[in-house]
Amino acid sequence: MGSKWRKVKLALGLNLCVYAPKNNIADNDEEDGSLPPSSDRHSDAALLSPVADWNSAPPTPGSNRLKFSKSLSRSSSKKTCSICLTSMRRGDGQAIFTAECSHSFHFHCIASNVKHGNQICPICRAKWKEIPLQGPSLDPPLGRARVNPVDWPQNNALMTVIRRLPPRSNSSRNVVPLFQAPEPAIFNDDELLDHEIDSTEKSSSNKGLGDCNEQRKVKMKTFTEVPAVPQSNTFDKFTVLINLKAPASNSWQNPCRNQANMPQISQTPRAPVDLVTVLDISGSMAGTKLALLKRAMGFVIQNLGPNDRLAVIAFSSTARRLFPLRRMSETGRQQALQAVNSLVANGGTNIAEGLRKGAKIMEDRREKNPVASIILLSDGQDTYTVSNTGGNQNQPNYQLLLPVSMHPEDGSGFKIPVHAFGFGTDHDASSMHSISEISGGTFSFIETEGVIQDAFAQCIGGLLSVVVKDLQLSIECLHPSVHLGFLKAGSYPNHVLSDRRTGSIDVGDLYADEERDFLVSINVPAAFSSNETMLLKVKCVYNDPLTKETVTLEGEEVRIKRPVVAGQDEVSIEVDRQQNRLQAADAMAQARTAAENGDLAFAVSILENCRKMLTETVSAKSRDRLCVALDAELKEMQERMASRHVYEASGRAYILSGLSSHSWQRATARGDSTDGSSLVQSYQTPSMVEMVTRSQATLLGSPSAQRLLRPVLSFSSRPRPR
């Protein structure tokens, strides 16, 4: 049975780590040739290490290992732990647990496996009535980090026990609740930042950036609807486009070195990040979903640098901090991989509790990295805080899922975006979209299970390339008769003063090479005996996360020519392009409302009318790439509204992810949007493309990964459609 189980694990692609301990195992499975030699074998934890580089020898038994053995009198020819696939020998300092079904495991391996309530033998699937209970310490081990990814650092102060309740009258035995180390009341145990490294990198970055300061500044451009307006003409709604582009940067580094077939990424210093992942481990995540989640988290962990910090929250019916906020040094990565590997799926879905603890980690931390974000993944619906009856009647209050401190109206200044990922066809897309929208994050729809790692890669590719912090854009009218009409800023907070002479947009953070386009509506007065009219003045203020400096940029004054006789000036293609984007987004929102009200036919007609309108625009006639992409996206949404079943399964999530992308002008994963052949690739940055390429390289380089993650998507770099 053990041999068959290990074959299954190998077939599922769980052997993705390049490190394999060499063991002299006296095992019948090797004698009959049913398994590869021990040098080719990998542990389950290797699922978390798709790009790991284990250069050290296998760990030797620690002298301080807590010894615990149950009687091994039951005959068994198996001398290998079926979880880590390393040898089990009495007297080698490693505790051994033998279950009532006669199968044996390393104690720390099986204790990690049952930590979240899994009471089934990994080999024969027998349900245990007695289970090993362990409270792992998350304190870093003394000395050099151990290489074995399933090896928890031990703390002798923690008691490890097997407990059994007295039998009932029917001779059955109950299992006591799993022992768990109590969480602190305040999560102020975050690992402190390495200020020596930080100051060194900052000094080197300042030195290297001294000669290219201008290249590191945000670029501002403005475009008027038309370049000239006759002197006698007036406009009540004249459109001005403001374009912002973040500086190009290679300021994110990859901590994994000497990897074959990997894109070379610059080692230039970048702004470090505090990242909290809030992961759904409810019963519906069991099997392939959880395996893919672990693998995707392994990719994230391996691509965080030593100055980045990561915390892991796992939630089902309740939530628990699985891993505190720690720097991703070599030791930190090993402990994070082990923590994620211990995940076991069971229970319900309590998203609110998971987010509450995620927010608490961010609020209670003693020190803060320049960039902070929360990643939320769930494949189900919260059944503890809100209930969704479907449709607009009795619409659930999804704001209850997000801690009050993360609401914009709270006024606490606590701004941590939650990037939400809906996994599969059964998740509550409306709640996930609401969570991301309220917090300032994005919502991605992971329709195909195998795309989860690419979706995570795209997200962290952006987070690891933040070059602008807290950007504020201000607009001021220059001509005394010019007033602001409206600001088309999507989901970005914006405000126009009562005199309608000044306005502002809170843009926030920008990734390297990201662009933001905002349309400003103003009136244009008549201008007799004047050759031009001054309209607006634009200014932006932001913080450079590397130098910690405040940067103020004054844009050029926006003017239009005022000829006596009207010319043949055409509408600016830049303005027309953004008007098309906003009209398409409005059509998506209207179609979604119609679909939620049960009128799919009307929803489809809204999208069809928008597509027809786009074909008549200036940018469409010039075969503008953004216009082509919008048409493809609208067509895809029409197809996902073919029936109520299709809409419920994927249409709602696809539309909401598209709305999230357009409202924030930031890339989200949906459908095949991470595929290089897809037209729906708006807002992707080079940093995102490179990270997804790296993800694809790890998948394409592993045959077992290809079996697990079919279909494997090819990826090619594409610039943002313009």
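**Strands, rings and a buried serine**

Student: Which residue stands opposite Q472 in strand 18?

Tutor: V541 stands opposite Q472 there. Strand 18 covers residues 532-543 and pairs with strand 13 (residues 466-477) in the antiparallel sense over 7 bridges. Strands here are DSSP E runs of at least two residues, helices are H or I runs of at least four, and both are numbered from the N terminus. Two strands pair if DSSP finds at least two bridges between them.

Student: Before we go on, what kind of model is it?

Tutor: It's a predicted model, where local features need pLDDT of at least 70 and side-chain atom pairs count only at pLDDT 80 or more, while totals for chains, interfaces and linings use all residues. Residues are numbered from 1 along each chain as its sequence is written, and side-chain values use heavy atoms, with hydrogens and water left out.

Student: OK, back to strand 13. How many bridges does it share with strand 16?

Tutor: The count is 8, again in the antiparallel sense, with strand 16 running over residues 502-511. In that pairing, I475 stands opposite G503.

Student: What's the strand order in the open sheet of 6 strands?

Tutor: The order is 9-8-7-10-11-12, with mixed pairing. Strand 9 (319-327) and strand 12 (443-446) stand at the edges with a single partner strand each, so one side of each has no neighbour in the sheet. The twist averages 15° from one strand to the next, using lines fitted to C-alpha atoms as axes (for helices, over the stretch in contact) and angles from 0 to 180 degrees between N-to-C directions.

Student: And where do the mixed senses show up?

Tutor: Strand 8 (residues 309-315) and strand 9 pair in the antiparallel sense over 6 bridges, with F315 opposite A319. Strand 7 and strand 10, on the other hand, pair in the parallel sense over 7 bridges, and I374 is the bridge partner of V276. Strand 10 and strand 11 are parallel too, over 5 bridges, and there L377 faces F421.

Student: Why is strand 10 called largely enclosed?

Tutor: Because 8 of its 8 residues are buried, where buried means under 20% relative accessible area, exposed means over 50%, and partly exposed is in between (1.4 Å probe, protein chains only). V371, S373, I375 and L377 point one way, A372, I374, L376 and S378 the other, and all are buried.

Student: Which helix lies across strand 7, strand 10, strand 11 and strand 12?

Tutor: Helix 9, residues 452-463, and its angle to strand 10 is about 165°.

Student: Switching to aromatics. How many aromatic pairs are there?

Tutor: There are 4, counting Phe, Tyr and Trp rings (for Trp, the six-membered one) with centres within 6.5 Å; planes under 30 degrees apart are stacked, over 60 edge-to-face, and the rest tilted. In one of them, F235 and F238 have ring centres 5.6 Å apart and planes at 65°, so that's edge-to-face. F235 is partly exposed at 30% relative accessible area, whereas F238 is buried at 0%.

Student: What about Y492 and F518?

Tutor: Their centres are 5.9 Å apart and the planes are at 90°, so that pair is edge-to-face as well. It links distant parts of the chain, 26 residues apart: Y492 is in the loop between strand 14 (484-488) and strand 15 (494-496), and F518 is in strand 17 (residues 515-524). Both are buried, and ring pairs join Y492, F518 and W664 into a cluster.

Student: Which charges sit over rings?

Tutor: The charged end of K289 sits over the F423 ring, 5.7 Å from its centre, and R666 lies over the face of Y511 at 3.8 Å from the ring centre. The rule is NZ of Lys or CZ of Arg within 6 Å of the ring centre and within 35 degrees of the ring normal.

Student: Last one: is S660 buried or exposed?

Tutor: Buried, at 0% relative accessibility. S660 belongs to helix 14 (residues 644-664). Leaving aside neighbours within four places in sequence, S660 is in contact (heavy atoms within 4.5 Å) with H433, G441, T442, F443 and T668.
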